[in-house]
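Look at the strands first, then at the turns that link them. The paragraphs below walk through the pairings one by one.

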Amino acid sequence: FQLVESGGGLVQPGGSLELSCTASGFELQHYAIGWFRQAPGKERERISCIDSGDRNRNYADSVKGRFTVSRDDARAIVYLRMSGLKPEDTAIYYCATRPLCDGGPAEFRDWGQGTQVTVSP
């Protein structure tokens with residue numbers, strides 16, 4: 001199982017980015033994918049999850065209404081569309097797998113290497 005995050009970068013406050021989580025070595029359609037982020041000196045935070053079959057999407061309060069998760073199982077990619085970005089969104093963003101969208105970071109596995117998102121004027 002391998003996940004690779006991409007799409008991070010430097011963006012101004014109020015801007016948008018779309019992150020991708022590309023899966024290989026397993027059939028993505030059978031798994032939920034969680035998105036997490038970790039800022040310097042802070043614990044890893046779960047920010048979104050989309051379950052297999054796209055029956056359920058959930059978001060942390062800190063990103064609700066600004067971030068949208070989606071999946072394309074045919075291409076084995078899960079996306080995180082981020083808009084209205086704020087400086088406090090600056091972090092390394094990760095994706096990871098789990099059978100269902102339950103549990104915190106410790107319950108997820110197959111972590112990618114992360115992609116840096118920096119929100120700054």
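Strands β5 and β6 form a hairpin with six residues between them. In that turn, Gly 53 has a positive phi of about 80 degrees. Strands here are DSSP runs of E, at least two residues long, numbered from the N terminus. Two strands count as paired if DSSP finds at least two bridges between them. β5 and β6 (residues 57-59) pair in the antiparallel sense over three bridges. Ile 50 stands opposite Arg 57 in β6.

This is a predicted model: local features need pLDDT of at least 70, side-chain atom pairs count only at pLDDT 80 or more, and totals for chains, interfaces and linings use all residues. Residues are numbered from 1 along each chain as its sequence is written, and side-chain values use heavy atoms, with hydrogens and water left out.

Now step back to β4. Strand β4 (residues 32-38) pairs with β5 (residues 45-50), antiparallel, over five bridges. Trp 35 has Ser 48 in β5 as its bridge partner. The hairpin of β4 and β5 has six residues between the strands. There, Gly 41 takes a positive phi near 80 degrees.

Which strands make up the open sheet, and in what order? Four strands do, in the order β1-β3-β8-β7, with antiparallel pairing. Its edge strands are β1 (2-6) and β7 (67-72), each pairing on one side only. From one strand to the next, the twist averages 15 degrees. Axes are lines fitted to C-alpha atoms, and angles run from 0 to 180 degrees between N-to-C directions.

Within this sheet, β1 and β3 (residues 17-24) pair in the antiparallel sense over five bridges. Glu 5 stands opposite Cys 21 in β3.
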